[in-house]
Amino acid sequence: MDNRGASISEQSRQIKDYARKNGIEVVKEFVELTYIKTRKTQFDIMLTELQNNKNVKGIILYSVDTRLSVYNQSRLYSLKESGYKLHFACEKLNSSNKSMLAIIFIRWGIASFYSQELSKTIKEGVARRKK
C-alpha cells in the first residue's frame, strides 16, 4: 500500500496504530507544518525535549521517506547511537536489528538523492524561465 501523500490526520492515526500494536506509549506528538517557516522546527523542539526527558526511549516517525535533510538524518542516527530506538510506522521498520537498519539507511540515501535531484531540476527550470 502506498501511503505517500497521506494527510496529517492519517499519518497520526497510523503512528498511533503502530504504537498500539507494538506496545509503545506515545507521550507527545510533533507535527511539522512545512508552510509555516520558523527559526526552530518541531523536529528541533522534539530533539530538545528528548534530551530533557530521559524516560523516553525512542521516537516514531511516519515514514523513512519523510523529507529529512541529511543533517537531520545524521541527528536521528546520533539518537540511535545514544540508545534511542527509531520507528517508522508506514514501513513498519525500526532500528532494533541490522537488516531493518540497512533498509532505513538505503531509503534515506534514495530520499536524499531524489530531493537533491528535484532541487536541481527546479533551479534549472527557474533559471530557464528567467532567460
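## Exposure and the model

A residue is called buried when its relative accessible area is under 20%, exposed when that area is over 50%, and partly exposed in between. The structure described here is a predicted model, and Arg107, at 28% relative accessibility, therefore counts as partly exposed.

## Helix 4

Helix 4 covers residues 98-130, and its 33 residues, at 1.5 Å a residue, should span 48 Å, which agrees with the 48 Å between its end C-alpha atoms. Leu101, Ile104, Trp108, Ala111 and Ser112 are the buried residues of this helix, and the partners against which the buried residues of helix 4 pack are helix 3 (70-81), strand 2 (85-88) and strand 3 (93-94).

Glu91 has a relative accessible area of 19%, so it is buried.

## Other salt bridges

The count of salt bridges comes to eight. Among them is the pair formed by Asp17 and Lys21, whose side chains meet at 3.2 Å, N to O; these two residues stand four residues apart in helix 1 (residues 8-21), so about one helical turn separates them. Asp17 is partly exposed, with a relative accessible area of 22%, whereas Lys21 is exposed at 57%.

Another salt bridge joins Lys80 to Glu81, with the closest N and O atoms 3.1 Å apart, and Glu81 is partly exposed at 48% relative accessibility.

Definitions and conventions. Residues numbered from 1 in each chain as written. Predicted model: local features only at pLDDT ≥ 70, side-chain atom pairs only at ≥ 80, totals over all residues. Heavy atoms only, no water. Expected span 1.5 Å × (residues − 1). Buried < 20%, exposed > 50% of the residue type's maximum accessible area, 1.4 Å probe, protein only. Contact = heavy atoms within 4.5 Å. Salt bridge = Lys/Arg side-chain N within 4 Å of Asp/Glu carboxyl O.
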